[in-house]
Amino acid sequence: MRIGILTGGGDCPGLNAVIRAVGRRAFTRGWDALGVREGWRGLVDGIFMPLGPREISGILPRGGTILGTTRTNPYKVEGGVDRVLEHFEREGLDALVAIGGEDTLGVATKLDELGVNVVGVPKTIDNDLSATDYTFGFDTAVNIAMEAIDRLHTTAESHHRTLVVEVMGRHAGWIALHAGIAGGANVILLPERQFDVDQVAGYVEKRFQTQYSPIVVVAEGAQPLEGQMQLHNQELDAFGHVRLGGIGQWLAGQLEQRTGKEARAVVLGHVQRGGTPTAFDRVLATRFGLEAIDAVNEGDFGRMMALRGTDIVRVPLADGTRELKTVPLERYTEAEVFFGS
């Protein structure tokens, strides 16, 4: 058999671990593996690379993806889907392992409906796919954010200023919640719940009263109450998402005005995506990759690998992307105990 592998969407720690596991398992079965370059763009434009034992050696601890990635959506490219099918057949592929998040796997779901032999591996640092307990990359992103918050505590206290830390999270605030709790943040703001700037300012002033400086963690998709802020950018990407950014800077300015204390914003941005993956993410990504090849071997296509408890299971691709897993109110209530303290 000849198996194609692609990584789409944002890069993520652990992608190379999946590629390595898929390749290793394929080689032990006597199969060939072909890397699809630049996500779905590789299948649209016919950009490939060989994936042999040499290519996948030593990539386990590397961040990013050796295949490259884009946010190309073949359904938004004229003739894109036909070109995907053409290149799939021309390269003699028997199956495709698509590694990605909501958008990448959404395309995989549509191709499965067209009869393409495809299986999916869930990848997103946002941990917002409802069919799996965890996605690889999330643990690494949380640890990077936590370490940044740890360092920012000391500089905030040295200057007696508020530091607003903006982390990733468009629709789901899992990174903000976990990193904020682990890093001892004094306020955590999520996309799931609009916030009142005056209330946040109250938490900040209360923290200053303890002789310590406040750390506010805000997800990039968090929004204040209606009328307190307007979106700065309405530009959309290929999957129809508004390009986010700026909430941290805006909030720092508002808090400085309301409290009279200096406030600075720190935007972690793509730092959260980079670097070597944690042990948890390496193991989870490896297990996902091994299970993906087993699914191909059994002809169990149209499935996504998922973590349930400690077991790797397979779920329909459509279930993996049907709805986002957002932070429930009770989890946010746990964090509120520490606000302002």
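The questions and answers below concern a predicted model and ask why its parts carry the labels they do.

Q: Why is Arg314 called buried?
A: Buried means under 20% relative accessible area. Arg314 has 18% relative accessibility, so Arg314 counts as buried.

Q: What makes Arg314 and Glu291 a salt bridge?
A: A salt bridge needs a side-chain nitrogen of Lys or Arg within 4 Å of a carboxyl oxygen of Asp or Glu. The closest N and O atoms of Arg314 and Glu291 are 2.8 Å apart, and the pair is therefore a salt bridge. Arg314 lies in strand β11 and Glu291 in helix α10 (residues 279-297), 23 residues apart, and the pair links distant parts of the chain.

Q: Is Glu291 buried or exposed, and how do you know?
A: Glu291 has 18% relative accessibility. The limit for buried is under 20%, so Glu291 counts as buried.

Q: Which parts does the pair of Arg314 and Glu298 tie together?
A: Arg314 also forms a salt bridge with Glu298, with the closest N and O atoms 2.8 Å apart. Arg314 lies in strand β11 and Glu298 in the loop between α10 and β10, so the pair ties together parts that are 16 residues apart in sequence.

Q: Why is Glu298 called exposed?
A: Exposed means over 50% relative accessible area. Glu298 has 54% relative accessibility, so Glu298 counts as exposed.

Q: What makes Glu291, Glu298, Asp300, Arg303 and Arg314 one network?
A: These residues are joined by salt bridges that share partners. Arg314, for example, pairs with Glu291 and with Glu298. A search of the whole structure finds 17 salt bridges.

Q: How do you know that Arg90 and Glu86 form a salt bridge?
A: Their side chains meet at 2.3 Å, N to O. The limit is 4 Å, so the pair counts as a salt bridge. Both residues lie in helix α4, four residues apart, about one turn of the helix.

Q: Which labels for accessibility do Arg90 and Glu86 get, and why?
A: Arg90 has a relative accessible area of 55%, and the limit for exposed is over 50%, so Arg90 is exposed. Glu86 has 38% relative accessibility, which lies between 20% and 50%, so Glu86 counts as partly exposed.

Q: What makes Leu85 partly exposed?
A: Leu85, in helix α4 (residues 80-90), has 31% relative accessibility. That value lies between 20% and 50%, so the label is partly exposed. Leu85 forms a nonpolar patch on the surface with Tyr75 and Leu114, and together they have about 250 Å² of accessible area.

Q: Why are β3 and β11 said to stand at the edges?
A: Seven strands form an open sheet in the order β3-β2-β1-β4-β5-β10-β11, with mixed pairing. β3 (48-51) and β11 (311-316) each have a single partner strand, so one side of each is left without a neighbour in the sheet.

Q: How do you know that β10 and β11 pair?
A: Two strands pair if there are at least two bridges between them. Six bridges join β10 (residues 303-308) to β11, so the two strands pair, and they run antiparallel. In β11, Ile312 is the bridge partner of Leu307.

Q: What makes β6 and β8 a pair?
A: Five bridges join β6 (residues 162-167) to β8 (residues 215-219), where at least two are needed, so the strands pair; they run parallel. They belong to an open sheet of four strands in the order β7-β8-β6-β9, with parallel pairing.

Note on methods: Residues are numbered from 1 along each chain as its sequence is written. This is a predicted model: local features need pLDDT of at least 70, side-chain atom pairs count only at pLDDT 80 or more; totals for chains, interfaces and linings use all residues. Side-chain values use heavy atoms; hydrogens and water are left out. Patches are made of residues with over 30% relative accessible area and no salt bridge: like charges are joined within 9 Å, nonpolar side chains (Val, Leu, Ile, Met, Phe, Trp, Tyr) within 5 Å. Accessible areas come from the Shrake-Rupley method with a 1.4 Å probe; for residues, only the protein chains shown count as cover. Buried means under 20% relative accessible area, exposed over 50%, partly exposed in between (1.4 Å probe, protein chains only).
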